[in-house]
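Visitor: I am new to this structure. Please take me through a close look at a single part of it.

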Amino acid sequence: MSPEGDLHIPGGDDPAEPPQTSHQVRWRLDLGYDGTAFSGWADQVDRRTVQGELQTWLGRVLDVEPFPRLVCAGRTDAGVHARGQVAHFDLDRGVEVDAAA
């Protein structure tokens, strides 16, 4: 993960929107995964999804609850793999993020 700067991408619910406030930093994730065991990207109640798993684990690693919603540049269907998929989230500047995490 890398903080904004040259890896800053616009996004949010509307890709043209910047982070919610000037007190937030946008983080970009470059992802690849085997989607065999997932019900696609988008978070779904009672389904294991890529978005749901990433939000849960990022929340645990960064000790942020609830974890901010991940926004994805594209989605996958159930069982579909991805390579080079891009997602982002906005995080308050006060949250300590260890690059080794």
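Guide: Start with Arg26. Arg26 is buried, at 1% relative accessibility. Buried means under 20% relative accessible area, exposed means over 50%, and partly exposed lies in between (1.4 Å probe, protein chains only). This is a predicted model: local features need pLDDT of at least 70, side-chain atom pairs count only at pLDDT 80 or more, and totals for chains, interfaces and linings use all residues. Residues are numbered from 1 along each chain as its sequence is written, and side-chain values use heavy atoms, with hydrogens and water left out.

Arg26 has a partner. Its side chain meets that of Asp90 in a salt bridge, at 2.7 Å from N to O. Arg26 sits in strand β2 (residues 24-33) and Asp90 in strand β4 (residues 82-92), so the pair ties together parts that are 64 residues apart in sequence. Asp90 is buried too, with a relative accessible area of 12%. A salt bridge here is a side-chain nitrogen of Lys or Arg within 4 Å of a carboxyl oxygen of Asp or Glu. Strands (E, at least two residues) and helices (H or I, at least four) are DSSP runs, numbered from the N terminus.

Now set this pair beside the others. A search of the whole structure finds 3 salt bridges. One of them joins Asp30 and Arg28, with the closest N and O atoms 2.9 Å apart. Asp30 is exposed, at 52% relative accessibility. Arg28 is partly exposed, at 24%. Another joins the side chains of Arg48 and Glu53, at 3.6 Å from N to O. Arg48 is partly exposed, at 40% relative accessibility. Glu53 is partly exposed as well, with a relative accessible area of 27%.

In soluble globular proteins, nonpolar side chains tend to be buried together.

Finish in the loop between β2 and α1, where Asp46 is found. Asp46 has a positive phi of about 60°, although it is not a glycine. Asp46 is exposed, with a relative accessible area of 80%.
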